[in-house]
Amino acid sequence: MAAIHHTRQYRLCVQELKNRGRYQNCFTCDRRLDATKRRGHPEHMTLGHIHSIEDGGAPYDPRNYAAQCAPCNYGEGGRVSLAIQQGRHRTELTTSPDWA
């Protein structure tokens, strides 16, 4: 998955996302984000995939990405990648044994 982040097509997707508006909300936690803020700032906007690439989501489809804050984007991606490496499915990450 990391290879897509180094392509011209991905950079065009990031630009298209920022062109949707300077201020957008994280689609996961609803935090207000600013497209002009740099990495490390709490309002920094990242491109988050609605349907993960690991689960077959289209990496460059504008309908499959939206603004996402860094903690939600990197946290979700890290958990999903680790689960895949361990042979688990992403749905196992949100299922509590108490709910069974």
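## A loop glycine to start from

Gly40 sits in the loop that links strand E2 (32–34) to E3. Helices and strands here are DSSP runs, H or I of at least four residues for helices and E of at least two for strands, numbered from the N terminus. With a relative accessibility of 74%, Gly40 counts as exposed; the cut-offs are under 20% relative accessible area for buried and over 50% for exposed, with partly exposed in between (1.4 Å probe, protein chains only). In sequence, Gly40 and Ala70 are 30 residues apart, while their C-alpha atoms are 8.4 Å apart in space.

Before going further, a word on what you are looking at. This is a predicted model, in which local features need pLDDT of at least 70 and side-chain atom pairs count only at pLDDT 80 or more, whereas totals for chains, interfaces and linings use all residues. Residues are numbered from 1 along each chain as its sequence is written, and side-chain values use heavy atoms, leaving out hydrogens and water.

## The chain as a whole

The protein chain has two helices and four strands, and along the sequence they follow the pattern α-β-β-β-β-α. Of its 100 residues, 29% are buried. Its accessible surface is about 6800 Å², and carbon and sulfur atoms contribute 52% of that; these areas come from the Shrake-Rupley method with a 1.4 Å probe, and for residues only the protein chains shown count as cover.

Contacts, meaning heavy atoms within 4.5 Å, also say something about the fold. Among those in the protein chain with a separation of 6 or more, 46% are between residues 24 or more positions apart.

## Helix H1 and its buried side

Helix H1 covers residues 8–19, and its 12 residues should span 16 Å at 1.5 Å a residue; the end C-alpha atoms are 17 Å apart, so the two values agree. The expected span is 1.5 Å times one less than the number of residues. Tyr10, Cys13 and Leu17 are the buried residues of H1. They lie on the same side of H1, because they cover an arc of only 55° around the axis, taken from the directions from the helix axis to the C-beta atoms. An α-helix has 3.6 residues a turn, so residues three or four places apart point the same way.

What do the buried residues of H1 pack against? Their partners are strand E1 (23–25), E3 and E4. On the other side of H1, Arg8 and Asn19 are exposed. Just after the helix, Gly21 has a positive phi of about 150°.

Strand E3, residues 45–49, is mostly covered, with five of its five residues buried. Met45, Leu47 and His49 point one way from E3, Thr46 and Gly48 point the other way, and all are buried. In a regular strand the side chains alternate between the two faces of the sheet.

E3 is joined by five bridges to strand E4 (residues 65–69), and the two run antiparallel; strands pair if DSSP finds at least two bridges between them. Within this pairing, Leu47 has Ala67 as its bridge partner in E4, and Met45 stands opposite Cys69. E4 is largely enclosed by the rest of the structure, because five of its five residues are buried.

## Two polar residues under cover

Gln68 belongs to strand E4 and counts as buried at 5% relative accessibility. Its side chain is joined to that of Thr28 by a polar contact of 2.6 Å. Such a contact is a pair of N or O atoms within 3.5 Å; within protein, one must be able to donate a hydrogen and the other to accept it, and residues adjacent in sequence count only if both atoms are side-chain atoms. Not counting residues up to four places away in sequence, Gln68 touches several others, including Phe27, Leu33, His44, Thr46 and Asn73.

His44 lies in the loop between E2 and E3 and is buried, with a relative accessible area of 13%. A polar atom of the His44 side chain lies 3.4 Å from the backbone nitrogen of Arg39. Leaving aside neighbours within four places in sequence, the contacts of His44 include Asp34, Lys37, Gln68 and Ala70.

Asp30 is found in the loop between E1 and E2. Although not a glycine, Asp30 has a positive phi of about 70°. Most residues other than glycine have a negative phi. Is Asp30 buried or exposed? Asp30 is exposed, with a relative accessible area of 54%.
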